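Try each task before you read its solution.

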Amino acid sequence: QSCLSRQQLLAAIRQMQQLLKGQETRFSEGLRAVRSRLSTIHASLAKAAPEPPPAACPALEAPADGRKFGTKYLVDHEVHFACDPGFQLLGSSTRICQANGSWTGQEARCAEISECSSSPCQNGGTCLEGLNHFKCLCPPQWTGTTCQYQAQTAPPTWSVTDDPAFSRQPRCAQIAQTQQCSCDPGFHMSGTASNGICQDLNECEVYQQQGGPRLCAHACVNIPGSFHCSCPAGYVLLGDGKSCEDIDECSLSQDNCTSGSTCINTGGGFQCVTPQCPPATGNISYVKTSPFQCERNPCPMESRSCHQAPKTISFHYLPLPSKLQTPAPLFRMATAAAPGRPGPDSLRFGIAGGNQRGHFVVQRSDRHTGELLLVQSLRGPRTIHVDVDMAEYLDRVFQAKHLSKITLFVSPYEF
C-alpha cells in the first residue's frame, strides 16, 4: 500500500507541474498580446496627432519711408525697423515673435519730421522746413537762429518787392501799450511797426542761396506766401508735390512710331527703333527670328570664319537717368542648353565694342551668367551703344558665340 501511495503521489505532482506550466504559457501569451495591442494603439495615436510645426508669427512688412531688418518669423526671432532720413519712427523699433504666434510691441510707422510744428521762430519769424532742420527768416528788427535778438537790418534780398501781388498788410494788435505786428507764413516784415508791410519770401531763392536741401526734384516756382514744383515735359508731378515721374508714352499709345518699328520708353520721351540684322558677308548671313533677335544661317562645314561669327545677335534698349550712381548693374547674359543636348561647361564674357572711354566692365555673377556694369557715371542727354559677347566652350573646345547689342538712352535729368 505504501508503494502504491508513493506512485500516486508522484503522478499527482507531475500532473500539478503540467497544469502550472500550461497556465504559465497562457499567461505569457496573454501578456504578449496585451503588449502588441498597446504598441498598435500607441502607433495609431502618433499618426493621428503629428508633431506640431514650430510656432511662427505672421509676416511683417517694412513701413512706408522706412526699412525692415530680419526675415525669420519663428518664435523668439526679432525683427527691427528704422526710418529714412527726415522721418521719425512711431511704434516699436524691435518686435519679438511670441510662442502664441503674435508679435510684441506696436506696428512700426514712419512719420515725416516737422521741425516747424513747435513754432520755434520768435517775434514774427517765418519757419521754413528742411531735412532734419529748420530755418527762421526773421523780421528786419530781429535776428538770431530763432529771431530772439533785436536788431535793425535791411529787407532781405530774397523778398519780392516790386509786385503788389506779393505784398500784404501786417496783422497788428495793441499789447501793453506796444503795437505788435506779424505776417502770414511765407511773408516777411519790412519797415517799422508803424509803416511796415509784409513782403513775400522767395523760398526757391532762399534755399538756393543757403545751400539747403532741394525743395523740388526739377524746378521751383515762387508764389505769394509759398512755392510749388514743376516737372519738365514728359514727366508728371507725384503726390508729394516735389518728385517727378516719367510718362510712359509707349504703354499709353502716345507715340507716333510707324508700323514695323517698336516704341521704347525713355526718360521724358520715347524712341522708335527698328533693329536690323547685319548684311550677308561671304558664308555668313542672318535671318530675323523676332523683332529683337537675329540667328545665323547654317554654316558650311569647312568655313571656320562662319563658325566663329555670332550664332545669335540680340538687341536691347535701356533708359537711364543722368549721373546714375555707380557701380550699377545694367544687363545680364546667360546660357541655356537645348533639351537633350549637353550645355557648355565654360563661358567667357567680353565687351566687343562701344567702350572707348571705359564706362563699362563685364563680370561673371555665377557659372552661367555674366553681368554688364556701369562703372563711370554718364551725364545726359546722350545715346550710347555697347556690345557684349558670350562665348561657349565644351571640354575647352569653342562651341558658339552670342552677341548682345545694347543701346542706352541717357535722360537729361537725374530722375
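**Exercise 1.** Does C220 count as buried, partly exposed or exposed?

*Solution.* Start with the ground rules. This is a predicted model, where local features need pLDDT of at least 70, side-chain atom pairs count only at pLDDT 80 or more, and totals for chains, interfaces and linings use all residues. Residues are numbered from 1 along each chain as its sequence is written, and side-chain values use heavy atoms, leaving out hydrogens and water.

Next, take the cut-offs. Buried means under 20% relative accessible area, exposed means over 50%, and partly exposed lies in between (1.4 Å probe, protein chains only). C220 has 28% relative accessibility, so it counts as partly exposed.

**Exercise 2.** Find the disulfide partner of C220 and describe the link.

*Solution.* Recall the bond type. A disulfide is a covalent bond between the sulfur atoms of two cysteines. Here the test is a pair of cysteine sulfur atoms within 2.5 Å. By this rule the count comes to 11 disulfides.

The partner is C204, with the sulfur atoms 1.8 Å apart. The angle about the S-S bond is -70°, and the link is left-handed. C204 sits in helix α2 (residues 203-210) and C220 in strand β16 (residues 219-223), 16 residues apart. Helices (H or I, at least four residues) and strands (E, at least two) are DSSP runs, numbered from the N terminus. C204 has a relative accessible area of 13%, so it is buried.

**Exercise 3.** Which handedness does the link of C57 and C97 have?

*Solution.* Check the bond: C57 and C97 are joined, S to S 2.1 Å. Then read the angle. It is 95° about the S-S bond, and the link of C57 and C97 is right-handed. Now place the ends. C57 lies in the loop between α1 (2-48) and β1 (66-69). C97 lies in the loop between β4 (94-96) and β5 (109-112). The two are 40 residues apart. Both C57 and C97 are buried.

**Exercise 4.** Where do C216 and C229 lie in the chain?

*Solution.* C216 and C229 form a disulfide, with their sulfur atoms 1.9 Å apart. The link is left-handed, at -75° about the S-S bond. C216 is in the loop between α2 and β16. C229 is in strand β17 (residues 226-230). They are 13 residues apart and link distant parts of the chain. Both C216 and C229 are buried.

**Exercise 5.** Is L9 buried or exposed?

*Solution.* First locate L9: it is found in helix α1. Its relative accessibility is 53%, so L9 counts as exposed.
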